[in-house]
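Please keep the sequence and the structure in view while reading.

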Amino acid sequence: LPPIEGRQDGLGSANLQDQVSLVNVWASWCVPCRTENPLLVDLAEAGTVPIYGINYKDDAEEALGFLEELGDPFTRIGADRSGRVAIDWGVYGVPETYIIDAEGRIAYKHVGPFDQASLEEDILPVVRRLQAESDP
């Protein structure tokens, strides 16, 4: 995916290889995405796992405004203007969060917004297990 206009780095399959990563599908017009974003910012600041974004059917200026207002947890963001890539990923709606294993495969999918409890009880345990498995 190309980057959001105004950003440098888009998102491709090669970015999801050789490390466990988290991919969040979001949009500026998504109200639950606003609630979830601070948790992603905290997670990014902790450096636990690389966080990538897929910006879904969004206006570039609105997306950049969202990140400026609420914080930008993403190492890279791909702009899925048409929604075709989201269809390939099996996205039902935004937000959705995926954990990608070191082989670049989807290992876990969280549909809808996550809160602190689901982050700690569902998402991070999978991240840590996959990280432990991929360390030599």
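Which residues have the most contacts inside the largest nonpolar core? They are Val23, Trp26 and Trp89, in a core of 40 residues. The model is a predicted one.

H4 gives the most, with six residues.

Val23 can be followed through its contacts. Apart from its neighbours within four places in sequence, Val23 is in contact with Leu16, Tyr52, Ile54, Trp89, Glu96, Thr97, Tyr98 and Ile100. Trp89, one of these partners, is itself among the residues with the most contacts inside the core.

Helix H4 covers residues 116-134. Its buried residues are Ser118, Leu119, Ile123, Leu124, Val126, Val127 and Leu130. The buried residues of H4 pack against S1, H1, S4 and strand S5 (106-111). Does the helix axis run straight or bend at Leu124? H4 bends there by about 40°, and Pro125, a proline, follows within four residues. The end-to-end length can be checked as well: at 1.5 Å a residue, the 19 residues of H4 should span 27 Å, and the end C-alpha atoms are 25 Å apart, which agrees.

**Aromatic pairs around Trp26**

How many aromatic pairs does a search of the whole structure find? The search finds four. Two that involve Trp26 are described here. In one, the ring centres of Trp26 and Phe66 are 5.0 Å apart and the planes lie at 25°; planes under 30 degrees apart count as stacked, so this pair is stacked. This pair links distant parts of the chain, since Trp26 is in strand S1 (residues 21-26) and Phe66 is in helix H2 (residues 60-70), 40 residues apart. Both Trp26 and Phe66 are buried.

In the other, Trp26 and Phe74 have ring centres 5.6 Å apart and planes at 10°, so this pair is stacked too. Here again distant parts of the chain are linked: Phe74 is in the loop between H2 and strand S3 (76-80), 48 residues from Trp26 in S1. Trp26, Phe66 and Phe74 form one aromatic cluster. Trp26 has a relative accessibility of 1% and counts as buried, and Phe74 is buried with a relative accessible area of 6%.

The structure holds one disulfide. This bond joins Cys30 to Cys33, with an S to S distance of 2.4 Å. Is the disulfide right-handed or left-handed? The torsion about the S-S bond is about 85°, so the disulfide is right-handed. Cys30 is buried at 3% relative accessible area, and the value for Cys33, also buried, is 3%.

Ser28 lies in the loop between S1 and helix H1 (31-46). With 15% relative accessibility, Ser28 counts as buried. Leaving aside neighbours within four places in sequence, Ser28 is in contact with Arg34, Asn55, Asp58, Glu62, Ala63 and Phe66. Phe66, one of these contacts, is also a member of the aromatic cluster. The C-alpha atoms of Ser28 and Gly65 are separated by 8.0 Å, although the two residues are 37 residues apart along the chain.

**Backbone details**

Which peptide bond is cis? The bond from Val94 to Pro95 is cis, with omega near -5°. Pro95 is found in the loop between helix H3 (84-89) and strand S4 (96-100).

How values were computed:
Residues are numbered from 1 along each chain as its sequence is written. This is a predicted model: local features need pLDDT of at least 70, side-chain atom pairs count only at pLDDT 80 or more; totals for chains, interfaces and linings use all residues. Side-chain values use heavy atoms; hydrogens and water are left out. A disulfide is a pair of cysteine sulfur atoms within 2.5 Å. Buried means under 20% relative accessible area, exposed over 50%, partly exposed in between (1.4 Å probe, protein chains only). Rings of Phe, Tyr and Trp (its six-membered ring) pair if their centres lie within 6.5 Å; planes under 30 degrees apart count as stacked, over 60 as edge-to-face and the rest as tilted. Helices (H or I, at least four residues) and strands (E, at least two) are DSSP runs, numbered from the N terminus. Contact means heavy atoms within 4.5 Å. The expected span of a helix is 1.5 Å times one less than its number of residues. The bend at a residue is the angle between axes fitted to the seven residues ending there and the seven starting there. A nonpolar core is a set of buried Ala, Val, Leu, Ile, Met, Phe, Trp, Tyr and Cys residues joined through side-chain atoms within 4.5 Å.
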